[in-house]
Amino acid sequence: MLKKLKRRVKTIVSKAFKKRRRPSKPSQQDSLSPSSPPPSPPPQPTMSSSSATPFLFPHIQSTILPDPSRFFSPNLLSSPLPTNSFFQNFVLKNGDQPEYIHPYIVKSSQSSLTLCHPSRFVTTAFIYQIFIADLTISSPQNEAAHDHKVSSFSDLSVTLDIPPNLRFFLVRGSPFITCAVSSPTPIYISTIHAILSVSSNSNQTKHTIKMNNNQTWILYSSSPLSFTSGMSSITTSEFSGVLRFAILPDSNGYYESILDRFSCCYPVKGEAVFNNPFSLEYKWEKKGWGDLLLLAHPLHLQLLSKDHGNVSILNDFKYKSMDGDLVGVVGDSWVLKMHPISVTWHSIGGIEEESFDEVVSALCKDVEGLTPIATSSSYFYGKLIARAARFALIAEEVSYPDVIPTVKKFLKESIEPWLDGSFNGNGFLYDPKWGGIVTKQGSLDSGADFGFGVYNDHHYHLGYFLYGIAVLAKIDPAWGRKYRPQAYSMMADFMNLGRRGNSHYPRLRNFDLWKLHSWAGGLTEFADGRNQESTSEAVNGYYSAALMGLSYGDTHLVAIGSTLAALEIQAAQTWWHVREGEEIYEDEFSKENRVVGVLWSTKRDSGLWFAPPAWKECRLGIQLLPLLPITENLFSDTGFASELVNWTLPALGREGVGEGWKGFVYALQGVYDKEGALEKIRNLNGHDDGNSLSNMLWWIHSRSDGKEEGHDGGRYCWFRHYSDH
């Protein structure tokens with residue numbers, strides 16, 4: 001089976017990047033947190049080196065990246081552009097694939113904007129939404145078929161212009177789609193359904209459209225509007241001003257009264273602000289008059305602070321969505337407070353001294369087996385760096401520093417060529433067109449390095465490199481100082497907080513500040529929108545950046561990395577970890593699945609990029625690896641860990657299951673059954689290429705013997721006192 005795995009890895013690397021990874025054949029190859037908390041982190045808004053001129057890798061004019069000038073307004077092209085945003089489909093290829101602007105799926109093509117209020121379809125293997133052209137909006141002046149333009153974008157919104165006179169404010173979570181019409185023109189509204197009736201109020205500013213698919217849409221106009229209607233289309237009188245479209249989710253009069261009440265206040269943009277560790281504030285810019293109504297998804301509702309901001313929750317005002325019920329919230333500023341987590345070098349509970357010998361024995365063999373890294377893949381190379389870095393931290397934890405010099409030498413020899421450009425097989429380069437790091441291989445081939453050159457998986461690959469850099473800078477501060485500019489440039493590629501301006505990287509390349517987790521897909525068009533497979537590797541990216549902050553004494557970086565890791569963890573527990581009875585997903589799906597494979601904007605998939613749904617051990621493993629101290633936070637629910645392992649174990653009886661995947665199942669078993677898991681791990685014949693026997697034994701021996709229920713480790717957090725919990 002190991003040969004088969006190796007062959008498959010070679011096949012994956014040679015194919016399109018979307019065929020995701022599996023472990024290759026096994027490789028042969030702290031100081032404690034300060035006792036007192038650091039000072040409150042400084043308020044700098046951007047992540048960058050303290051150098052006046054931030055380091056950039058050598059420039060490259062990539063031959064495979066799309067030209068952004070077609071869909072972005074000229075004033076945006078001089079700054080870095082988003083490559084994993086919620087509106088990415090609008091700026092790729094012909095810009096005509098839909099995106100999910102909750103609660104609507106929105107598609108722009110042929111000089112029009114089409115709205116869909118989707119239904120959910122459920123099977124045991126999928127939950128998905130299908131785009132249907134419920135309502136299409138255009139004007140006769142748009143018939144020249146101009147491309148739309150993104151005229152502005154922010155964390156929570158995008159403004160889409162359809163020349164010459166329509167501007168759509170697409171604000172996430174708005175029950176209304178708002179259109180500003182800049183010059184007098186008739187508006188053309190069409191549908192694939194039959195229109196049963198169109199009626200208006202006495203002053204012709206509220207218009208009700210009933211269709212034969214049982215949908216009722218309400219159109220609010222800022223000035224009187226009259227109609228000529230046909231079987232499936234409506235043409236208005238000449239109009240300039242503001243139009244707001246909303247579906248009526250229920251015939252209950254309450255819903256209509258709420259939409260009426262809040263129809264005159266509309267958001268035009270929304271920003272997310274990091275004010276304190278483990279705190280995020282949403283601020284919307286609004287126009288019109290009255291209060292602002294928006295919708296919150298289930299994780300918002302968990303985190304929404306009742307003690308900060310002036311918000312009220314309309315518990316009975318709900319829209320269905322792929323991510324659970326969206327609930328009405330009134331207020332133009334929300335404060336989200338997440339559970340604090342501990343970013344630590346070592347396990348939270350520690351290892352009993354009587355277990356040291358077994359760990360040290362494995363550690364000596366693993367360190368002795370370190371050999372020069374043969375792969376040129378940025379992903380697999382990064383995993384092997386991080387694997388070796390674990391040895392130094394495990395050695396600290398079991399008081400066996402003898403192996404650390406060997407590990408330090410290996411890390412230096414492995415990492416430096418990527419930082420100074422001397423690695424012949426590959427390397428990091430800077431793409432000025434979109435603003436970011438690409439690899440040498442990826443700049444020539446969109447499938448190389450799993451699509452890194454088209455901005456796929458940046459937080460995964462770079463997260464592994466940052467882990468190795470953080471550990472090496474910890475054990476060799478002089479080396480850390482020398483390569484700090486390169487380290488910060490790599491970190492900023494996916495963790496820059498700047499809002500364009502003079503930055504070289506876009507703001508938070510992968511992290512979605514409305515969904516509160518990352519996306520991985522990059523500059524590739526997908527009919528189902530953005531996607532992410534491995535939440536645990538996303539957590540690793542932000543965790544590794546926080547560790548790097550510890551190495552460099554950068555409390556701001558520690559705080560931001562910890563905050564993003566905490567959000568990624570809670571999002572994984574909300575949407576990737578499947579529990580029966582939570583009502584996020586229907587029973588038909590939740591009874592058969594304990595973890596989502598690939599999560600898309602408009603779909604939940606039980607399969608993986610590299611494995612079918614039946615390979616449950618791969619689904620568990622890809623949401624667990626790499627095994628780190630932060631894993632305690634990700635799988636803090638002991639009961640769920642047990643459910644997930646028991647759901648997976650029957651799959652291990654299938655012929656050809658890899659030893660590496662088995663190891664991750666047994667590692668999770670160790671959360672609640674330390675001895676049983678330890679026996680199985682001792683009998684393994686191999687490990688994932690980013691894992692090792694030392695790491696597995698470290699993990700098991702640092703479990704709590706079931707003496708306490710799982711916890712998130714937040715009570716050890718440096719920043720707990722600053723998070724207002």
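The legends below describe an overview and several close-up views of a predicted model.

**Figure 1. Overview of the predicted chain and its secondary structure.** The chain has 725 residues, of which 64% count as buried, and its secondary structure comes to 18 helices and 30 strands.

**Figure 2. The salt bridge between Lys286 and Asp332.** The closest N and O atoms of this pair are 2.9 Å apart. Because Lys286 lies in strand β19 (residues 279–288) and Asp332 in the loop between β22 and β23, the pair ties together parts that are 46 residues apart in sequence. Lys286 counts as partly exposed, with a relative accessibility of 34%, and Asp332 likewise counts as partly exposed, at 30%.

**Figure 3. The salt bridge between Arg703 and Glu632.** The two side chains meet with an N to O distance of 3.1 Å. Arg703 lies in the segment after α18 (693–701), while Glu632 belongs to helix α14 (residues 631–634), so the pair ties together parts that are 71 residues apart in sequence. Arg703 is buried, with a relative accessible area of 11%, and Glu632 is also buried, with a value of 9%.

**Figure 4. The salt bridge between Glu582 and Arg579.** Here the closest N and O atoms are 3.8 Å apart. Glu582 counts as partly exposed, at 39% relative accessibility, whereas Arg579 is buried, because its relative accessible area of 17% falls under the 20% limit.

**Figure 5. The polar contact between Asp323 and Arg604.** The side chain of Asp323 makes this contact with the side chain of Arg604 at 2.2 Å. Asp323 is found in the loop between β21 (312–319) and β22 (326–330), and at 1% relative accessibility Asp323 counts as buried.

**Figure 6. A patch of negative charge on the surface.** Glu352, Glu353, Glu354 and Asp357 gather in this patch. Glu352 lies in the loop that runs between β23 (333–337) and α4 (356–368), and with a relative accessibility of 48% Glu352 counts as partly exposed.

**Figure 7. A nonpolar patch on the surface.** The patch is formed by Phe121, Ile130, Ile132 and Ile192, which together have about 340 Å² of accessible area. Ile192 is found in the loop between β11 (188–190) and β12 (195–200), and Ile192 is exposed, with a relative accessible area of 58%.

Methods:
Residues are numbered from 1 along each chain as its sequence is written. This is a predicted model: local features need pLDDT of at least 70, side-chain atom pairs count only at pLDDT 80 or more; totals for chains, interfaces and linings use all residues. Side-chain values use heavy atoms; hydrogens and water are left out. Patches are made of residues with over 30% relative accessible area and no salt bridge: like charges are joined within 9 Å, nonpolar side chains (Val, Leu, Ile, Met, Phe, Trp, Tyr) within 5 Å. Accessible areas come from the Shrake-Rupley method with a 1.4 Å probe; for residues, only the protein chains shown count as cover. A salt bridge is a side-chain nitrogen of Lys or Arg within 4 Å of a carboxyl oxygen of Asp or Glu. Lys and Arg count as positive and Asp and Glu as negative; His and the chain ends are not counted. The place of a charge is taken as NZ of Lys, CZ of Arg, CG of Asp or CD of Glu. Helices (H or I, at least four residues) and strands (E, at least two) are DSSP runs, numbered from the N terminus. Buried means under 20% relative accessible area, exposed over 50%, partly exposed in between (1.4 Å probe, protein chains only). A polar contact is a pair of N or O atoms within 3.5 Å; within protein, one must be able to donate a hydrogen and the other to accept it, and residues adjacent in sequence count only if both atoms are side-chain atoms.
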